[in-house]
Amino acid sequence: MAGITDGAFCRDMTTLGFNMVTLGGYNADEATSNAGKKILARGRPEFDLDSGKLIGHLEEQTILVKDQDSWEGFVSVNLRAITPDPIIEVSRLNNVDVVEINAHCRQPEITELGCGQSLLKTPEHLEEFTSEVVNKAKSNVSVKIRANVQGVDDLEIARAIEHAGADYLHVDAMKPGYKSADHEIIRSIRQETSMFIIGNNSITDIESAQKMLAAGADGISIARAAIKGKLPFDLSQI
């Protein structure tokens, strides 16, 4: 979550049994960085970082996570950008295992730029964007999407991302009006793709984690349930 999941936070998460932690989301170019400042000014947590300082910052943050003999997991970086170039640049950092294209953020300052969730409105562009990152990145590639966005065909999006060659599809299975995740959309996407699906949304205990996996997710991601630096359940029991 922007402004919270930095290197120190992710390093602490490695002790809880996670095999991948995600830094970010970060704004990777000047336009998204300026948008981030506007988001911060209206009171929402956000990384306040000039885009020109991102590479040096991430070098420091990834070392915080990776410099541990007892943990052999992956470091992912979630990024918002107008073009693929800054995401490709981050992929070349030594300690970055996965770059994640943010097609998920719904903050208006970001979507007005054509970034974040607005990428879902143009599947062909998202496919081209993802394909360029995949073809030039030095790391694996993930795309994080938000499900059930009005006017968006989730299955078309999943097919586009798979066709682009992404390694991971990270799905926020949000269902407007409901407090639980939409497991049916995970089942539907599972039938459409052979990609590794990371299921996200409302995972707060063993039962909700198991439901996400039973729906067809290969792995799960946890955000708000871990935001205080601990988990209310043991990951090893899943």
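Which exposed residues does the face of helix 2 turned away from its buried side carry? They are E30, K38 and A41, where exposed means over 50% relative accessible area and buried under 20% (1.4 Å probe, protein chains only).

## Basis

This is a predicted model, in which local features need pLDDT of at least 70, side-chain atom pairs count only at pLDDT 80 or more, and totals for chains, interfaces and linings use all residues. Residues are numbered from 1 along each chain as its sequence is written, and side-chain values use heavy atoms, without hydrogens and water.

## Helix 2

Helix 2 spans residues 30-41. Helices (H or I, at least four residues) and strands (E, at least two) are DSSP runs, numbered from the N terminus. T32, S33, A35, G36 and I39 of helix 2 are buried. They lie on the same side of helix 2 because they cover an arc of only 160° around the axis, taken from the directions from the helix axis to the C-beta atoms.

The cover over these buried residues includes strand 1 (20-27), strand 2 (74-80) and helix 5 (108-111); contact means heavy atoms within 4.5 Å. Just after helix 2, G43 has a positive phi of about 100°.

The 7 strands form an open sheet in the order 1-2-3-4-5-6-7, with parallel pairing. Two strands pair if DSSP finds at least two bridges between them. Strand 1 and strand 7 (219-221) are the edges, each pairing on one side only.

Strand 6 (residues 196-200) and strand 7 run parallel, joined by 3 bridges. Here G199 stands opposite I220.

Methods: The expected span of a helix is 1.5 Å times one less than its number of residues.
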